[in-house]
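Please consult the sequence and the model shown here.

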Amino acid sequence: MKKVIAILVLGLLWCGGANANEKKVFYAGFSFSGNYIDKSVGIKYTNSLIEIKNENGLDIISASLLKTIKRSKPKSFKIDFNFADLNKGLEESVVMAVVLDHEDYFYEYEPISKTYLNNIQMFFQIIFYDFKSKKLIAAIPYDVSMPFFTKKELNENEIKKYIETFYTKGLKSMDNNETINAFTKVEEILNNFELKEKYQFRIGVTSIKFEEKSLSSIPDIYKKNLKFLENIFAQLFSSRLSLHNDVALVPYTEGIAIGAKMKQQFVNSDIIYDIELPKPDFNIEINIRGFKKVLAKKSDVNNIFFWASFINLKVFQPELNKIYMDDNLKNVIKKSIPSQIENINDWYKFYITTYELFDGFSININEINSEWLNKTNDTSEFKINMKSLKNLMVKLK
């Protein structure tokens, strides 16, 4: 078993204008979350890519991440790339790592243009913790999605090659033609994140359930392990909430209310660390109530479909028995599909409707859009609850 020092990325001390009052954080590298990970399913492409080394002997993913970290200029802490002296107390043992929770690849075929729309989806967390006590200080979840077109269906090796390019050189975004990679957001997050020694209040997803009505729409590969899918949806919600409200969250894990731990494994080590998670002061419970597909209009050329997702979202403070929200929300997407398509990827559409619902909810906490409100939940009570959540987000910063 390799020593701990082998998993840490060694380098020169970064000294970008730090002052004496700034906290020192040691960069620990790239790692995997072990909570629900089956490496042959959840991270199979990345798991194989870490075997590819650069001229310095560092795997290509860690090397790409290291370049990003070195470009960052955090305002509230200084990053040290030397190994921490763990005998000097808390100040000298705070480490930071970027953790991959899971990855996914999916595609859709457009027969008229004979084009494949491919999508790479990845979920990460930037975590800060005390290396001696293995207690989490803060976690910032983020997700990244990269859609791209091809004229042929990709095989496994080609998918792997695109993901390798996404990690290293980057791929061009369909939205603005800008080249981005899997770690582009890391620099932005670190530059704007304020690391605190202590957090007065914490929030996190503590429960996520798929109700009976939703199960018929879930692919068999996920039905075999609903815990894995629960983790995906919890991270999807957490990353949207964190992005749009600038708050750190307690990572989701089953049984968090009774003292859960997050498993972490660095890419260059067989050691698995148990990171102790703090108990959230504010709980988020998500019930996926169901999914629905409706054929709205049929013709010889195109069929118009609606796909909808329905959830219940509860936000509360258990110690005070105070409920900020306990509301049903919905989101609907509309799409015209060529009539000759027989095998529609309905699950992908349901996933997108839920993604949009989580994203829209997180955006509207700050400033409610009346059109979004009418589509999601048009009750006056829900609007009041959204305003109370806005005040709560301020307490969590």
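## Salt bridges in the predicted model

Glu108 and Lys335 form a salt bridge, their closest N and O atoms lying 3.5 Å apart; the term denotes a side-chain nitrogen of Lys or Arg within 4 Å of a carboxyl oxygen of Asp or Glu. This pair links distant parts of the chain, 227 residues apart, with Glu108 in strand β3 (residues 94-110) and Lys335 in strand β13 (residues 322-338). Strands (E, at least two residues) and helices (H or I, at least four) are DSSP runs numbered from the N terminus.

This is a predicted model, in which local features need pLDDT of at least 70 and side-chain atom pairs count only at pLDDT 80 or more, while totals for chains, interfaces and linings use all residues. Residues are numbered from 1 along each chain as its sequence is written, and side-chain values use heavy atoms, leaving out hydrogens and water.

Glu108 is buried at 14% relative accessible area, whereas Lys335 is partly exposed at 34%. Buried means under 20% relative accessible area, exposed over 50%, and partly exposed in between (1.4 Å probe, protein chains only).

The structure holds 12 salt bridges.

Asp346 belongs to helix α8 (residues 346-364) and Lys293 to strand β11 (residues 282-297), 53 residues apart. Asp346 is partly exposed at 22% relative accessibility, as is Lys293 at 33%. Salt bridges with shared partners also join Glu108, Lys335 and Lys349 into one network.
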